Amino acid sequence: MEIEELTVGYGWVGRPVVTAVRGVNLAIDAGEVVGIAGESGCGKTTLALAATGLLDPPGRILSGSARYQGTDLVSLSPQERRALRLSEISMVFQASMNVLNPVMRIRDQFLDGMAAHGVRSSEEARARAEETFDLVKIPRRFFDAHPHQLSGGMRQRAVIALALVLRPKLLFLDEPTTALDVVVQRSILQSLNDLRRELGFGVVFITHDLSLLVEIADRIAIMYAGAIVEEAAARELYKKPCHPYTRALMSSFPPLGGTRRQLEGISGQPPDMRRLPAGCSFSPRCPEVIAGTCEIIDPPSIRVDGGHVVVCHLYSEKEARVG
Amino acid sequence: MSPRALLANRRAAVGAAILGFFVLVALLAPYIAPHSPTGWDYDPALPMSAKHLLGTNTNGQDIFSQLVWGTRASLTVGFLSGAVICLVQLVMGVFSGYVGGWIDTGLSTVTNVFLVLPGLPLLIILAAYVKGGGTIVLVAVITITGWAWGARVLRSQAIALRDRPFVEAARISGESRWHIVVAHIVPNMLGIMTANFFGAALFAILAEAGLEFIGLGDPSAVTWGTMLYWAQQIQAPLQGMWVWLLAPGACILLVGTALGLLNFAIDEIANPNLRRN
Amino acid sequence: MASALEPAVGTEEIAESPVLEVRGLTKTYSVGRLGRHKTVRALSDIDLTVEKGEVLGLVGESGSGKTTFIRTVIQLDRPTAGEIRVQGGEALPKRPSARRLREHRRQVQMIFQDPYSSLDALHTVSYSVTRPLRAFGIVPRSAQRKAVEELFNQVGLVPAGDFLDRHPYELSGGQRQRVGVARALAARPALLLADEPTSMLDVSIRLSIMNLLLELRRSNSLSLVFVTHDLAGAYYMSDRIAIMYAGHLLEIGPSSEVMGDPRHPYTQLLRRAAPDPEGDFGRDTQFDAQGDPPDLTSLPPGCPFAPRCPSVRGECRTTLPEWREIGAGHRVRCVLYGPAGDGRLGTALAQTPV
């Protein structure tokens, strides 16, 4: 998928539009894991909803495109988008273990979803679904159960299974394991990784847990105030974070070992999307702000290295670092 | 939940308007009623006229004046009973639910007993027993039969609130039980308690009118219920005196509707799940 | 730079009584309807000590009993058995009187997990902080507002005047949590129990709250029990870490040892499972935490981790292992470690699965 200059906002009658996503560019290749990291309010969920065509009013795409295999999703009709959903592009929401209908058996929710995409025969649907259950490591006997009979971890696996049952090529996951214990989380992510290698789908993994992303993602994009401020290969980002926000975000995650040092974190308040400052949106909180530049001029997008891009005044194309 | 939110809801606004109108009438009764409600001075069975807006009854009393003074009496009993019922529910429901333990077991058993007792027969029996005892007694009888159901509702709400973190935080801040109930539980239940009050007042007004209609009130008092009683005794419709029956009936209907609207509306405001739009 | 991570000065030299001593703490309760009762064993026989001035990290997943532990210590729930002693005083009675409870909460206070529901939305934040000042008689009425201001300053809500008369919904999550800390500090306690105080906050705010608690530990000579499921957070905050599973304490020791060289198989599992940017995701292809999380209504006899333990032995399923000392202040409840009756360090037995 290729997202180009995507700008998304929320508008209510009689009130000015609040832009939640500003000019985002992102490319996802088949079979790769792209992580989007940021804190609450940075626009990552809105980005995912817009890219998968799931954005409901009052949200709307203001400009830009999201191209899937050449077709711009923004230009499609709702029916065409719905046809793509589940079979080509799929999404697992935050806390979606609660998204399963509590009064329907799991199998019925699967069969419904599959029937909507043309899998008529229930034997075929069942077979495919049970196969997917095996892949995500849920015992087949849970297929006929009700959601409440499964633990939180199992339910989350079931939701992932539902998202994968029609073998989509692209899977969006929004904080899929935040509400789960760390052991269950690791187990599920392991299964997901195995599946990805076997089935070859691309993954967009959205979370605030940057330490986790460094482990599981191929590439990571850091979002702040609706825009991507840095993007690089995961290891590269971890070893050489360029943007001051990236550095500050990383230092907000205490390490699991080594000498214990005091960490500082990020000062100031998160940005108010209705009243973003001019120039760089991070400037009010930036420890390396360049007075006279950062608060006035929009920072440029600089290619620091191969696939490593940072949107910051501290860098220029010629040298690794300026100022 | 502010008065503004209240009035923004259409149901609440209509209910409040109607109730407000009647409350005004009740307060200004001496100035509105052109004649004495009990005076026998007029010719009986007069039709509606400028002098007697709703005519007179067979005793020669001005129906309109009776209606106006009756408003005061009926609303007084209604609101007074509603208030007393709420007080009883505060102890039997809110306090009981919050403290739990033996006290709660005891009090809620009492509540359940009262719930099981058939309300209408009990009401009639008690009223017959204290027949003609006056306002206080009437309020007592209505309270005894009307408090139990609301108490149960309030109790379960209090129990739900009891486990909320801010209540637990108040406990470990050293607050006494009563202070927690008054400062934390009740204010966070104000919506449902207010709705409950209107429900109780509705029950009271209807119960009062009902009892008086079947002759268990004080027949010499002037209330909507007693007007209905006399109109029925004299078989007013047969004599073509519809107004005598319809006027108090309409008032009961309107006030009842107003209270009902307020009850629903406040419930809606307090509980966003119930909102229509 | 004197780091807030250092314990308060002087705690090593002076032999004072521990600020908290817990012996045999057990909590069970029944669930279910008439005729279908089940007993939930939320806490089983916990022995724990918190020294003056230390930060103890209590780590476990959901159902481990870590929250139940602090709730029983502060008596929000009554323990089924066991002894709780604060600052060397008398053990709390089975049914403490209101006065005894108040005395207890003068010394032990709590910070709640959810900043959004732990403050009454209908009152100003200064009201919530003034109440304990009043209830515990900390300062006379006339001095209360000033005392609240000082508390707000201490927790970083400056200028205090701006915050005093606000309602919770006017404050951010981090600010609300600071109010919660101020409220707990109002009683001038010796021990703070923090129930996952950062898990509902944004990432960048978490660190500031953790640093605040560490700073308060230093400036107010406080002791802290920091409950969390986040191993990295526990490591950052704590002098010692205790690992809980299914209501049992399994391992306890200095943070550097418990994290650097975890001994109990469960601790090792937690360590491997925690997100670690230094680690390589592909490394653990056999990570398959077999078995389900423990069912507290039907715990097997013996070690609660036995059904899932890769190194389980026959005896694990029948008897709960004894505590074994394996280092200075580091002990483990696992058969893999030999007895250390004479003070020698135990050695880990072969860890191949049986």
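Q: What pattern does chain B follow along the sequence in this predicted model?
A: Chain B of this predicted model reads α-α-α-α-α-α-α-α-α-α-α-α-α. Its secondary structure comes to 13 helices and 0 strands.

Q: What share of the residues of chain B count as buried?
A: Of 277 residues, 44% are buried.

Q: What share of the contacts in chain B between residues at least 6 apart join residues at least 24 apart in sequence?
A: The share is 70%. Each of these pairs counts as a contact because the C-beta atoms lie within 7 Å.

Q: How big a box do the C-alpha atoms of chain B fill?
A: The box is roughly 75 × 45 × 30 Å along the principal axes.

Q: Why are strand 5 and strand 6 of chain C called paired?
A: Pairing needs at least two bridges, and 4 bridges join these strands, so they pair. They run parallel. C:Gln109 stands opposite C:Leu192 in strand 6.

Q: Which way do the residues of strand 5 of chain C point?
A: C:Val108 and C:Met110 point one way, C:Gln109 and C:Ile111 the other. All are buried.

Q: How many residues of chain C are in contact with chain B?
A: 18 residues of chain C are in contact with 14 residues of chain B. Helix 2, strand 5 and helix 3 of chain C each give two or more residues to that side. Helix 3 gives the most, with 3 residues. The side divides into 9 nonpolar, 3 polar and 6 charged residues.

Definitions and conventions: Residues are numbered from 1 along each chain as its sequence is written. Chains are lettered from A and ligands numbered from 1 in the order in which they are written. This is a predicted model: local features need pLDDT of at least 70, side-chain atom pairs count only at pLDDT 80 or more; totals for chains, interfaces and linings use all residues. A residue is buried if 20 or more other C-beta atoms lie within 10 Å of its own, exposed if 12 or fewer, and partly exposed in between; C-beta atoms are placed from the backbone. Two residues are in contact if their C-beta atoms, placed from the backbone, lie within 7 Å. Ala, Val, Leu, Ile, Met, Phe, Trp, Tyr, Cys and Pro count as nonpolar, Asp, Glu, Lys and Arg as charged, and the others, Gly among them, as polar.
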